[in-house]
Amino acid sequence: MHELSITQGLVDAVLDRTGERTVTAVNLKIGPLSGVLVDAVRFCFDVAAAGTPLAGARLQIDEPRGRGRCRSCQDEFTLSDLILLCPCGSADVEVLSGRELMLMSVEVA
Amino acid sequence: MCTTCGCGDEGGTRISNLAGELQTPGQGHLHSHTDEHGRTYTHEHSHGHAENHDHADSNGHADGHHHAAPATETIVLEQNLLAKNDLLAATNRGWLAGRGVRAFNVMSSPGAGKTTLLVRTLTELGGRLDAGVIEGDQETSLDADRIRATGRPVIQINTGAGCHLDADMLRHGLDALSPEPGSTVFIENVGNLVCPALFDLGETAKVVIVSVTEGDDKPQKYPHMFMAADLVIVNKSDLLPYVDFDVDECLRRIRQINPRAEFLTLSATTGEGLAAWYGWLDGATSQAAAPTSGTARSVPLTGALTKAH
């Protein structure tokens, strides 16, 4: 359950910038290849935010699709997991997107 | 459960001293909860929206009505969620490099043989490898006790409910261990193939152990861990005749995820293949030790071992 410490880090990072202002929304970007489960982050957020100016903030999570490019045939395709295998059979695949684990912005009152 | 940070219990993370006595650092939590929020950020807008005011011209409503609801301000952050840990890890990396200390983050599932490998390594290399150990477990000092029996310095970190070590915990572990310049530190992470993969500690290299009783499909089931590995060790090779584990297949699966990782097969119990592990340590330690001339060992470990056997 590493999502708990990651979510705690998220709350700390926001508080570093917003101080005591009430945070109404937090915008994240979490890709399917990041190793972090979106549902678990949502579950942990309420606990981590309790008693801070983030309590009750809306958690908006953008989930970009995983995309890869084959260095052998130059084809681009969707990656649903970290098994980097091109339909052409090559395993020489560059991950273009999907590993995002970003705190994008917050909205404060 | 602590509702401030969600960590396991009142005690939080505990770190032993060199004598094995457990201590709770700080106010009961290793990670600091910021009390003073330094208001150093800069506003994109000069006005603070402290009061309700007329947005007739700027809000796009043609009729110019008054908004009663408080306006919100968007603060763009665009930072990695692991940025705080990564920063602390970078600090650790600098601290280690400045002292010529190599730190190997040893990770595996529970029971793959991390402690057994470390105990055997420390025992066989003895004084030829100046090494200390930082042990990470949820509870107990059982592993640290096994290391201490070899006569090497060891620090136990108990993470409580935590499933991994992070850079801040290693920082405290290094402070407690106080490794000699030019020495080697083995960090035995919490037995877990999932969470430790994401947390950079500032280590010199990540060593992932998979034992043959676990199955050769582990790399694909836990890709993040094997993607992060610098060295993958297949342990318990003495049990290969009794289990359905294909070493070549395991290597193929690792290569699919991580083309750059090195790969060793050994048995920490019988000693089969250990020379290659000591050779790897020798190469890894010599490289990192290069900047601190005079403090590093000059005798290659493999050579010394060959003579010993």
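Visitor: Before we start, how do I read the names and values?

Guide: This is a predicted model, where local features need pLDDT of at least 70, side-chain atom pairs count only at pLDDT 80 or more, and totals for chains, interfaces and linings use all residues. Residues are numbered from 1 along each chain as its sequence is written, while chains are lettered from A and ligands numbered from 1 in the order in which they are written.

Visitor: What makes a stretch of chain A count as a helix or a strand?

Guide: Both are DSSP runs, numbered from the N terminus: helices are H or I with at least four residues, strands are E with at least two. On that basis chain A has two helices and six strands, in the order α-β-α-β-β-β-β-β from the N terminus.

Visitor: Why is chain A called more spread out than a compact globule?

Guide: The globule rule is 2.2 Å times the number of residues to the power 0.38, and the radius of gyration is taken over C-alpha atoms. For 109 residues the rule gives 13 Å, but chain A has 17 Å, well over that, so chain A is more spread out than a compact globule. Its C-alpha trace spans about 55 × 25 × 20 Å along the principal axes.

Visitor: How do you know that β1(A) pairs with β6(A)?

Guide: Two strands pair if DSSP finds at least two bridges between them. Strand β1 (residues 23-30) and strand β6 (residues 101-108) of chain A are joined by seven bridges and run antiparallel, so by the definition they pair. Val23(A) has Val108(A) as its bridge partner in β6(A).

Visitor: And what joins β1(A) to β2(A)?

Guide: Five bridges, with β1(A) and strand β2 (residues 58-62) of chain A running parallel. Here Ala25(A) has Arg58(A) as its bridge partner.

Visitor: Why is the crossover from β1(A) to β2(A) called right-handed?

Guide: Point the strands away from you: a crossover is right-handed if the path from the first strand over the helix to the second runs clockwise. The path from β1(A) goes through helix α2 (residues 38-49) of chain A to β2(A), and this β-α-β crossover is right-handed.

Visitor: Which strands does β3(A) pair with?

Guide: Strand β3 (residues 67-70) of chain A makes three bridges to strand β4 (residues 76-78) of chain A, in the antiparallel sense. Arg69(A) stands opposite Glu76(A) there. In that hairpin, five residues lie between the strands, and Gln74(A) takes a positive phi near 65°. Four bridges also join β3(A) to strand β5 (residues 93-97) of chain A, again antiparallel, with Val95(A) as the bridge partner of Gly68(A).

Visitor: What makes a residue buried?

Guide: It needs 20 or more other C-beta atoms within 10 Å of its own; 12 or fewer is exposed, in between is partly exposed, and C-beta atoms are placed from the backbone. Buried residues make up 43% of the 109 residues in chain A and 43% of the 309 residues in chain B. In helix α4 (residues 167-177) of chain B, the buried residues include Met169(B), Leu170(B) and Leu174(B).

Visitor: How do you know that the chains touch?

Guide: Two residues are in contact if their C-beta atoms, placed from the backbone, lie within 7 Å. In this model, 38 residues of chain A are in contact with 35 residues of chain B. The largest share on the chain A side, 13 residues, comes from α1(A).

Visitor: What kinds of residue make up that side of chain A?

Guide: It divides into 22 nonpolar, 10 polar and six charged residues. Ala, Val, Leu, Ile, Met, Phe, Trp, Tyr, Cys and Pro count as nonpolar, Asp, Glu, Lys and Arg as charged, and the others, Gly among them, as polar.

Visitor: Which strands pair across the two chains?

Guide: β6(A) and strand β3 (residues 73-80) of chain B, antiparallel over six bridges. Thr74(B) is the bridge partner of Glu107(A).
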